[in-house]
Number of protein chains: 4
Amino acid sequence: MTIHRYEPDGYHNTIGSHPAVLTVESGDTLITTTIDAFGWDQRGRQAAGRPNPQTGPFYVAGAEPGDTLAVDLVRLQPNRPTGFTRDVVSPNVVEPEYVWSLPQGELITWHIDPVRREATTAHPLPHLGQLCLPLDPMIGCFGVAPALGQAISTATSGPHGGNMDYRGFRAGTTAYFPVMAPGALFFIGDGHAVQGDGEIVGTGIETSFEVELVLRVLKGWRINWPRGENGDDLFTVGNARPLDQAVQHATTEMLRWLTESYGLTAQEASILLGQCGRYDLGNIYDPAYTMVCRLSKRWLPAERG
Amino acid sequence: MTIHRYEPDGYHNTIGSHPAVLTVESGDTLITTTIDAFGWDQRGRQAAGRPNPQTGPFYVAGAEPGDTLAVDLVRLQPNRPTGFTRDVVSPNVVEPEYVWSLPQGELITWHIDPVRREATTAHPLPHLGQLCLPLDPMIGCFGVAPALGQAISTATSGPHGGNMDYRGFRAGTTAYFPVMAPGALFFIGDGHAVQGDGEIVGTGIETSFEVELVLRVLKGWRINWPRGENGDDLFTVGNARPLDQAVQHATTEMLRWLTESYGLTAQEASILLGQCGRYDLGNIYDPAYTMVCRLSKRWLPAERG
Amino acid sequence: MTIHRYEPDGYHNTIGSHPAVLTVESGDTLITTTIDAFGWDQRGRQAAGRPNPQTGPFYVAGAEPGDTLAVDLVRLQPNRPTGFTRDVVSPNVVEPEYVWSLPQGELITWHIDPVRREATTAHPLPHLGQLCLPLDPMIGCFGVAPALGQAISTATSGPHGGNMDYRGFRAGTTAYFPVMAPGALFFIGDGHAVQGDGEIVGTGIETSFEVELVLRVLKGWRINWPRGENGDDLFTVGNARPLDQAVQHATTEMLRWLTESYGLTAQEASILLGQCGRYDLGNIYDPAYTMVCRLSKRWLPAERG
Amino acid sequence: MTIHRYEPDGYHNTIGSHPAVLTVESGDTLITTTIDAFGWDQRGRQAAGRPNPQTGPFYVAGAEPGDTLAVDLVRLQPNRPTGFTRDVVSPNVVEPEYVWSLPQGELITWHIDPVRREATTAHPLPHLGQLCLPLDPMIGCFGVAPALGQAISTATSGPHGGNMDYRGFRAGTTAYFPVMAPGALFFIGDGHAVQGDGEIVGTGIETSFEVELVLRVLKGWRINWPRGENGDDLFTVGNARPLDQAVQHATTEMLRWLTESYGLTAQEASILLGQCGRYDLGNIYDPAYTMVCRLSKRWLPAERG
């Protein structure tokens, strides 16, 4: 159960089978830093280019295709006093003819106060003044090397994770990824101090982070899409377009989880999801959109393992 | 501020410019009953056919095209001791090749206890036993006569409302509909004692209701899509396929609300929605899907009216 | 085999169970006129409002729900010397951020020469001069009364037909519609002298028509979606959004046709469609899009009837 | 103008910045072979694994990001006497509830006769007998290294080309790809002896090919998506889901071509596409679908270059 402190000296704009920067054992803790979506680090220096430069990859000893990598998000800590957002919704989230009514967006700056745990617009807005929001730090882009030796842009997402921009990936959550390459090859970056559902302006409050994670190999647990779990809920993640297809992936993956791990019949899983299921919109901005199927664990029997 | 008690003696399977069953004044209270989605009434008798038979229409004096009809959902009360659901998810919400793994669904019965406010499966399930859920009554299908003299099936939804199957339409919420015909011609039906996001088994817990509503005409307030409001939130409703398009309608309608009624700039509205906005999945089962854009009122200045 | 000449004195903007203007026998010929999509008649007078005013409905004796109405498009004749189009593509057919690059469109006039069978822009275009296109007249919007007593806007389409805007509905084609109301109640309007795939500017060359049709009842032939046939091909029509879903309806309907009427196995139908099938894009502009699945009859055995 | 004959001794399942197997000059001819989608070569031996193993990459001297690579498809020649198809349509192309009616598919064999230019099912079908189709050879998967050093599975497609499965990529056509890496790095594979629109059974008649190509660098011609040209038509290719988005990419790319290279105004380009444009469905099976926007060159002024 070693604690590794890793200070990156380079970043990747694709998630793929790149040389590992560090090897860890299953159960080890990793403390490292991430830079923001545009490549600015904690001192505001341009340390890499777009999109979403990733720290890593980390090789997790013993992880093989067919296993699952569990990533406990222990601590997600903005580590500089500013972040930025875009200030106009993306044209793909409005009616096509309404695009003509939208101005083209610019970047605005936010002050991040880690003690009061608030983010505040650097400049007053005409009618809202200095808008102040509670911090809710999350990881926008993380995942593992995809199959076939692919190297996939960190602008998008897929079964390997990637740029899912789901605000449920906050501290206290465990993310699960299907291992598709030896050692899993875990990458992480793109921290958001705050983000709404859908990331409809194309950004959260983008900033650099210090992160503390535990990486664990779950041998022989085969999953198809990223999953997650926190104290209350199980969730499954579909990354695709349109949202309808993302829902299909997330729902199918949840049905597999409930029937395979909890031993429910298809009818029982359906009854629970039909009356108690929740869907969250991760993002409707990136090349692949993200929908999440979520279920409270209070309705479930013990996992069979 | 009259209180009208109306006992229906017939129902409609389309929402259109049918003869009014009652005329009310703006601000009047209406107490009436609805039958379930399959047409069974509070005594379990088949009182009408599918889909989603509606009580009404109610003519609201003074409502003209270009106005908005506000419907305060004061009380939504299941009025019989049973409801039903389907027990398998709909094939459109899973990966296409996973359909082969799904059994075809059947109806199952639930007992509804209005005192304990619980619904319980009539028969024990193999691993979940007698599943018991807290009631959260909502209206699946309601709305006003659409434009052009159209009469639209209560299976689907549109700018006029209809079968939105959004669990946010619960007591304590005000729904807003764009008036498109003289008197608005309000219809209501399809109560659900409980429903998950997306209505992915094709039903909530379907039952008959007694409902208490206040109908108010908001003169000269022109809206494009249904909207809603409760103590915490504003929301806007897009009804379309795919979900992406429903998001476009809901987001555009929310931008209109924030800029026209609250005086925000497009940038301010975007910043709020980008960092604080929420999306709810009403249904992904009906011919038109429903996505809801929602924003906490805590972030807003006073409405300009 | 009577020939009916019907001169309309009113039009409908919905397709529904309206009072019939004429009753015909199965096999009768109908000669009538249609006005253009905006309601201008053959003398250029505004005879009705938008959208797509329809001539009819015509009651076809003997047609009952569960039958099919065959409509032989014998002659489709533009009957005035002008038509109009919009001159900019619709914002929904370009990348969302490209909308900012598009001007907003206007209407332009075309001269229609029925003898040379050509349409020519009334004014020269900057680089194309007076663009001259061969006529290829087609019906944009036609169909039969939908189920449940619905009345559906002529802006959209569905299982009943409606505003499909498919250029395959030209003279020499037989269209088939599922009868859903007694007498079928056939409507027709919205002639286009020319139209590209997708109707991406929102119009074809819109003009008024004289049409000659034969209406035939095919007793007991139950279909789910509009179909068509010409000397070369069979085709089936899906009307929905997104195009993916329109493809699903059209393909399923073609599989039904090939297996039910031609006796093919699912594998044979799949092999033919997989290697010889064609898809046409009717429209990607209207509220429901239209995709057509088409197969040459040269590959087929004799129909079993 | 050298003629290169290249015999591959290895294949790639991703399109990316892999080491070049051969360097050619702009204007050189390349004669090489491809193996089928499952990796079987001209002697029926398994030479590589799935999906769609590619021959290459070929480095084209002088090609730099911002240029375009033109690929003249001079000759596409099936070089073994058999091919195979699947025999049931994919579940994603039918209505979701119709999947239950579909059998699961198998592979069937076809005999390919290069002299008579026909493909015939190896075994008679129950009602169609030995189905015999004219050959129409095409390339299913080809393209150039994508941006960012990505390596993308040959199962899918994007701005770099890839698995577009469009039957318009036949001999006599020139394909254009946006160069995104030095030398362009051209890959080719996945020949189909025949394929219907949409590749709805998931295969064409899959077989191995000998191909003859000319590779040309068009310096400083910047394009965003694959394009093509034959004696009659220009076309542009959008690869995305849903089909609606593929249409948006293809249409936008055609508007760029017509305005930038032919000097048309947005209105002129719109008028042509609106009344004369055609759309082809490449595939509706792969992870990204393909729609093609096509326009006859007869309507165009001379290209300005």
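In chain A, the C-alpha centres of domain 1 and domain 2 lie 22 Å apart. Domain bounds here come from an automatic or database domain assignment. Domain 1 of chain A covers 3–81 + 135–218, and domain 2 covers 230–299. Their contact takes 16 residues from domain 1 of chain A and 16 residues from domain 2 of chain A; two residues are in contact if their C-beta atoms, placed from the backbone, lie within 7 Å. The side of domain 1 of chain A that touches domain 2 of chain A divides into 4 nonpolar, 9 polar and 3 charged residues. In this division Ala, Val, Leu, Ile, Met, Phe, Trp, Tyr, Cys and Pro count as nonpolar, Asp, Glu, Lys and Arg as charged, and the others, Gly among them, as polar.

The model is predicted: local features need pLDDT of at least 70, side-chain atom pairs count only at pLDDT 80 or more, and totals for chains, interfaces and linings use all residues. Residues are numbered from 1 along each chain as its sequence is written, while chains are lettered from A and ligands numbered from 1 in the order in which they are written.

Chain A holds 2 helices and 22 strands. These elements are DSSP runs numbered from the N terminus, with helices (H or I) of at least four residues and strands (E) of at least two. The radius of gyration of chain A is 19 Å, close to the 19 Å that the globule rule gives for 305 residues, so chain A is as compact as a globular protein of that length. The radius is taken over C-alpha atoms, and the rule is 2.2 Å times the number of residues to the power 0.38. The C-alpha trace of chain A spans about 55 × 45 × 35 Å along its principal axes. Among contacts in chain A between residues at least 6 apart in sequence, 73% join residues at least 24 apart.

Burial was assigned from C-beta atoms placed from the backbone: buried means 20 or more others within 10 Å, exposed 12 or fewer, and partly exposed in between. Of the 305 residues of chain A, 62% count as buried. The largest nonpolar core has 312 residues, and Leu69(A), Leu69(B), Leu69(C) and Leu69(D) touch the most other members. Such a core is a set of buried Ala, Val, Leu, Ile, Met, Phe, Trp, Tyr and Cys residues joined through C-beta atoms within 7 Å. Beyond four places in sequence, the contacts of Leu69(C) include Val60(C), Phe177(C), Phe186(C) and Leu215(C).

Chain D meets chain C through 51 residues, in contact with 52 residues of chain C. H2(D) gives the most to this side of chain D, with 9 residues. The side of chain D that touches chain C divides into 29 nonpolar, 16 polar and 6 charged residues.

Met254(D) lies in helix H1 of chain D. With 27 C-beta neighbours inside 10 Å, Met254(D) counts as buried. Not counting residues up to four places away in sequence, Met254(D) touches Thr236(D), Leu273(D), Cys293(D) and Leu295(D).

Chain A contacts chain D with 13 residues on each side. The side of chain A divides into 5 nonpolar, 7 polar and 1 charged residues.
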